[in-house]
Amino acid sequence: MALESGLTYILMNIILNFSIYLILSLSLNIEVGFTGIPQFGRLTAALVGSIAVGGVIGRVAATLIGAPTGSEFISYNAPIITQINNYLSTHAIASITLLVLAILTAVLLGALIGLLTALPAIRLKESYLGITLLSFGEILRTITYNSPEIIGGTLGIAAPSFFSFTGAYESFAVMLFIVLMAIFCYLIAERISKSPLGRVMRAVRDSELASQVYGRDIMIVRIYAIVIGSSMAALAGALYSIFTKSVRADIFTRYSWTFLPWAYIMLGGVGNNLGVALGVIILTIARSTISIYKYEISELIPIDPVWLEYILIGMVIILLTLFRPQGILPEKPVTTVSKKELEDIKRKVASFTS
Amino acid sequence: MTKSLRRGVESSMLPIVLTSIAYASILAIGCAAITLWYASTRVFNFAHASMVSWGFYITFILYKLFDSSPYLFMPIAALITGLFGIAIYVSVIRRLIQVKASEITLMMVTLGADFVLFAFLNVVIDYLANVYRWDIRSVNIVLKDVTIATIYGVTIKGVYLVAPFSALAFLISIYMFLNMTSTGIAMRASIENPELSSILGINTDKIYALAWFIGGLLAGFSGGLLTMITQGTSSIGSDLIVLYFAGSIVGGLQNILGGLLGGLLVGLSERLIPYYLSAVFPWIYSYRFAVPLIMLVATLLLYPRGLAGLVERRWR
């Protein structure tokens with residue numbers, strides 16, 4: 001198909017990677033940038049989002065066509081998913097309902113896992129909190145990877161293709177949907193940044209003591225941040241599974257789902273949503289370039305170009321922390337109302353006093 | 001149970017117990033490194049992962065080159081990773097400590113260093129694989145070990161003794177260093193109160209560099225010993241780093257003894273608890289990786305200061 005050839009394919013890949021990583025990085029930014037929680041377990045929520053698509057909604061779809069949902073769902077996954085896809089390709093309404101359900105389940109389960117990880121860990125400080133969150137992620141990944149009941153363990157399962165009813169435009173529809181979700185998440189993150197909640201989050205980050213003096217419960221604020229961030233990260237995981245049509249625990253590695261978003265937000269500017277988007281764009285393009293020119297690079301030097309990516313990300317992290325810790329676009333004080341409104345208020349006040 | 005049967009059970013269990021002890025001692029050596037770094041410079045070092053991998057691969061490559069006893073190459077591997085430790089300290093950590101960067105910033109920067117070290121290790125491996133046609137992308141043999149004795153038909157491998165005894169030797173020598181040499185006492189002083197000790201004329205910068213060197217040494221030695229009991233790839237360090245972290249947090253991150261004990265406990269619990277429970281719950285063995293992590297979380301929630309806290313309380 002013309003859509004999937006050459007340049008279009010590369011461009012689509014970059015756009016999809018950008019959108020999914022933008023959601024992931026924005027979610028991380030809410031926790032790290034706004035609230036100062038060292039979230040080293042971003043993959044926990046993302047994995048849960050993926051489970052929501054494959055493990056939960058996949059089974060719902062199986063019930064819809066009368067297929068088994070127990071252990072047969074895992075062991076005969078490929079034929080069952082083929083049946084589901086055949087059904088979905090002719091039933092547009094069922095597809096859309098399932099898609100909406102999948103997104104909602106992912107977000108809700110993400111919020112739940114965020115709450116579950118936040119409650120025991122939130123009183124810990126700095127590195128301890130980071131390591132605990134990291135361990136939660138590893139525990140969840142070990143469990144999902146080793147138990148075939150949830151999402152097929154080591155082999156993984158396939159996710160239903162919710163967009164198969166669009167026929168030839170399927171990949172385009174998926175891309176459009178994911179891009180729209182990314183824009184939606186960006187707007188939410190901006191809204192949070194400008195809301196009273198966002199300002200309290202920043203207050204907690206900058207001085208826990210001061211915000212306590214002003215009567216804020218810092219634990220509640222941090223739990224809010226983790227819950228919101230986790231539900232957004234779960235959305236990213238779910239979208240990734242919808243896009244790749246596969247649900248596997250071993251994809252959710254520490255590198256791709258925790259450390260890369262960290263590098264992105266550090267490059268763009270911690271605490272600044274626009275900066276985060278910029279960081280994601282720059283590094284996504286850089287990573288894609290390395291993978292596109294893979295063969296040319298490996299002809300020049302006898303190594304696998306994957307390692308160049310590690311060197312790039314590593315050097316970005318080191319050089320930024322040393323020389324520009326605030327990132328490319330530093331965080332700015334947020335304005336809650338637009339400049340025009342401020343002028344209006346000023347004029348009104350002036351008219352009252354005169 | 002007849003006598004011969006009991007002997008059979010014992011002889012099948014003995015190697016598992018011995019391997020677990022060796023494995024736990026290897027983890028303990030690495031945990032001592034993490035504890036030393038954290039106690040001296042408040043850095044939770046992610047680069048430990050690739051230092052372990054480097055130690056693992058240097059030992060393996062030298063073994064392949066010279067075909068001699070692997071134990072000879074572990075000190076060399078440890079020295080090289082020790083130099084990595086100094087390099088990381090001098091190039092990034094020193095500057096960040098001067099500007100009083102937060103623990104999270106320090107952690108992130110070691111993560112960057114980890115990626116770079118990991119990438120260079122793989123570059124070396126790829127180079128050897130592509131240019132010299134060495135098939136070393138994964139080390140799928142456990143290196144040839146000396147047999148020390150045979151009990152009930154069970155061969156007692158060298159590593160069963162070398163690993164615990166080197167952990168013990170490290171413990172004793174670090175204790176002697178910290179308590180009996182003036183540099184060691186200066187190190188303790190700069191860990192406890194950096195400002196006061198620099199007023200007293202101690203060069204805290206040099207002391208921290210030394211701490212990073214010793215840490216790298218321990219990490220590399222731990223990686224080198226791993227070649228004797230397990231197979232692995234260049235990601236062996238990052239596969240195990242969470243266990244190393246778990247061990248050092250269980251140990252309390254305060255002193256080397258705590259780190260070693262924590263590592264031992266975590267290593268034994270990962271190997272032995274699932275092994276014994278697998279008789280009752282056969283499915284548990286594949287989840288053994290989660291056991292130390294659950295232990296870590298439990299320690300943090302119930303007794304945040306770890307084993308060192310226990311030890312300290314009794315001694316005061």
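In which handedness of crossing does α2(A) pass α11(A)? The crossing is right-handed, meaning that the near helix is turned clockwise from the far one by less than a right angle.

This is a predicted model, in which local features need pLDDT of at least 70, side-chain atom pairs count only at pLDDT 80 or more, and totals for chains, interfaces and linings use all residues. Residues are numbered from 1 along each chain as its sequence is written, chains are lettered from A in the order in which they are written, and side-chain values use heavy atoms, without hydrogens and water.

**View 1. Helices α2 (residues 42–64) and α11 (residues 218–244) of chain A.** Their axes (lines fitted to C-alpha atoms over the stretch in contact) come within 6 Å and cross at roughly 50°. That angle makes α2(A) oblique to α11(A), the class left after under 35 degrees (roughly parallel), over 145 (roughly antiparallel) and 65 to 115 (roughly perpendicular). Residues in contact (heavy atoms within 4.5 Å) include Gly49(A) and Val53(A) of α2(A), and Gly237(A) and Ile242(A) of α11(A).

**View 2. The contact of chain A with chain B.** Chain A gives 37 residues and chain B 46 residues. About 3,700 Å² is buried between them, 79% of it on carbon and sulfur atoms; this is accessible area (1.4 Å probe) lost on putting the two parts together, summed over both.

**View 3. The salt bridge of Arg254(A) with Glu138(A).** Their closest N and O atoms are 3.0 Å apart. Arg254(A) lies in helix α12 (residues 254–268) and Glu138(A) in helix α6 (residues 126–146) of chain A, so the pair ties together parts 116 residues apart in sequence.

Methods
Axes fitted to C-alpha atoms, helices over the stretch in contact; angles between N-to-C directions. Helix = DSSP H or I, 4+ residues; strand = E, 2+ residues; numbered from the N terminus. Salt bridge = Lys/Arg side-chain N within 4 Å of Asp/Glu carboxyl O.
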